Amino acid sequence: MFLLVISLCGFASAMSGRILDPVMTAIARDFGTPVSIVALLSTAYALPFAISQPVLGPLGDLFSKTLIVKISVALLAVFSAVAALAPTLDLLFTARILAGAVGAGVVPIGFALIGDRIPFSDRQLAISRFVAATLLGQLLGASFAGVLAQAFGWRGVLWLSAGIIFAIAAATMVLLPSIEPKRQQPARAALALENYRAVLRNRLSYVCFGVVMVEGVCIHGSLPFIGEYLHGLGKGGVREAGIVISGMAIGGLLFAFGVPLFLRFMRRRHMMGLGGVFGGLGLACMALGADWPVEAVFMALTGFGFFLLHNPVQTEVSELAPTARASAYSLHAFTFYIGQAIGPVLYGLGLHTIGLSRSFAVAAICFLFTGLTAFRLLRTL
């Protein structure tokens with residue numbers, strides 16, 4: 001029951017984070033604003049998500065992780081409804097900023113709870129199942145947003161998202177057990193700083209956090225521009241953009257269900273290296289500008305490579321500092337979402353300078369290099 005409930009929370013957070021990606025062009029049209037500006041709604045969610053981590057992680061270690069998750073999901077539902085009501089672009093940005101700040105208390109703390117409650121021998125499989133739920137949130141959020149926006153508009157998409165998250169929040173309040181490991185020390189602010197120092201004393205932390213930052217820039221930074229990319233090529237609108245973006249989640253689901261097989265035949269560092277190769281290849285193929293069904297396949301390849309690299313890093317983060325897991329996952333999420341906040345800015349610059357096709361090609365090279373670097377530096381895995 002624990003894994004099911006925390007997975008539903010991850011589903012809600014992931015759906016909220018990606019729900020607007022396919023409809024950026026529709027929002028830009030409604031508010032009469034360039035897509036490169038509206039795409040910063042992704043940054044508006046990702047940046048406060050990142051900045052909240054240094055606060056929420058220690059709070060989870062010092063007090064109650066389950067309480068933070070419950071409050072976060074409830075507030076996420078509220079701010080999703082506020083976004084649906086927003087009469088101006090400024091208020092929409094404000095609602096997304098607040099949603100990002102509270103959404104930060106769901107997935108990273110969820111990983112820490114899994115680390116607390118599930119033995120290490122079973123942890124990577126449990127994490128893969130949790131990730132599968134977040135991927136399903138991304139998949140349904142992106143695909144249904146693109147399809148439903150044509151009939152009900154982007155506001156209707158946000159209302160549906162808010163309703164789903166409200167239902168999950170209600171279930172979480174009732175069903176998520178508040179079981180916390182016994183603390184060895186009383187809660188105090190100095191302990192929070194010591195937890196961060198414990199994480200950063202492990203030299204592998206810099207590799208893990210650097211890898212996920214590049215992932216956020218190269219892959220997630222591209223998602224708000226998929227609609228503009230297809231529109232510029234004359235090969236689709238919001239519906240097609242939603243389907244292409246959902247390809248990434250499909251690739252991730254294929255990875256999640258293949259984890260037991262991968263773990264039988266390879267070590268985690270080999271998964272990282274192969275992830276860099278597959279993800280880089282997928283991004284390079286995205287640069288070809290093919291028809292949208294083919295682009296969806298390329299995005300699935302990119303998603304498969306991303307999670308083949310990302311999942312082993314997540315598992316390693318759980319052991320950077322076992323007594324400060326929430327802090328470790330908060331730093332992990334902080335760097336990952338900083339990358340996601342920077343990514344749309346860099347892709348926006350690419351749109352106006354070298355074009356999106358060349359931007360995908362540059363991202364492909366960076367992602368390949370990152371995977372191979374992780375394979376080389378994390379030799380003990």
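Helix α12 bends by about 55° at G258, with a proline, P260, following within four residues. The bend at a residue is taken here as the angle between axes fitted to the seven residues ending there and the seven starting there, and helices are DSSP runs (H or I, at least four residues) numbered from the N terminus. The structure is a predicted model, in which local features need pLDDT of at least 70 and side-chain atom pairs count only at pLDDT 80 or more, whereas totals for chains, interfaces and linings use all residues. Residues are numbered from 1 along each chain as its sequence is written, and side-chain values use heavy atoms, with hydrogens and water left out.

From its first C-alpha to its last, α12 spans 40 Å over 28 residues, close to the expected 40 Å at 1.5 Å a residue; the expected span is 1.5 Å times one less than the number of residues. Helix α15 (residues 325-353) can be described in the same terms: its 29 residues reach 42 Å between the first and last C-alpha, close to the 42 Å expected. Of these 29 residues, 21 are buried, so α15 is largely enclosed by the rest of the structure. Burial here means under 20% relative accessible area, exposed means over 50%, and partly exposed lies in between (1.4 Å probe, protein chains only). After α15 comes G355, which has a positive phi near 90°. Helix α7 (residues 107-117) is also mostly covered, with nine of its 11 residues buried. The buried residues of α7 include V107, P108, I109, F111 and L113.

We can now turn to two individual positions. V217 is found in helix α10 (residues 204-218) and counts as buried at 18% relative accessibility. Leaving aside residues up to four places away in sequence, V217 touches S222, G339, Q340, I342, G343, L346 and Y347, where contact means heavy atoms within 4.5 Å. The C-alpha atoms of V217 and A14 are 17 Å apart, and 203 residues separate the two along the chain. T25, in helix α2 (residues 24-31), is buried too, at 15% relative accessible area. With the sequence neighbours up to four places away again set aside, the contacts of T25 are V35, G227, E228 and V238.

Aromatic rings come next. A pair of aromatic rings is described by the distance of the centres and the angle of the planes. Rings of Phe, Tyr and Trp (its six-membered ring) pair if their centres lie within 6.5 Å, with planes under 30 degrees apart counted as stacked, over 60 as edge-to-face and the rest as tilted. The structure holds 12 such aromatic pairs. In one of them, F278 and F304 have ring centres 5.6 Å apart and planes at 70°, so the pair is edge-to-face. This pair links distant parts of the chain, as F278 belongs to helix α13 (residues 268-286) and F304 to helix α14 (residues 292-317), 26 residues apart. F278 is partly exposed at 29% relative accessibility, whereas F304 is buried at 17%. Elsewhere, ring pairs join Y45, F49, F306, F307, F336 and Y337 into a cluster. A charge also meets a ring: R269 lies over the face of F375, at 4.0 Å from the ring centre. The criterion asks for NZ of Lys or CZ of Arg within 6 Å of the ring centre and within 35 degrees of the ring normal.

Charged pairs complete the picture. Side chains of opposite charge can pair when their charged atoms come close. With a salt bridge defined as a side-chain nitrogen of Lys or Arg within 4 Å of a carboxyl oxygen of Asp or Glu, the count comes to six. K235 and D291 form one of these, with their closest N and O atoms 3.7 Å apart. K235 lies in the loop between α11 (226-233) and α12 (238-265) and D291 in the loop between α13 and α14, so the pair ties together parts that are 56 residues apart in sequence. K235 is partly exposed at 26% relative accessibility, and D291 is partly exposed at 45%. R239 and E240 meet in a salt bridge at 2.8 Å, N to O; here E240 is buried at 10% relative accessibility, while R239 is partly exposed at 29%. The side chains of E316 and R268 form a salt bridge at 3.2 Å, N to O. This pair links distant parts of the chain, with E316 in helix α14 and R268 in helix α13, 48 residues apart. Both E316 and R268 are buried. Finally, salt bridges with shared partners join E194, R197 and R201 into one network.

How values were computed
Helix = DSSP H or I, 4+ residues; strand = E, 2+ residues; numbered from the N terminus.
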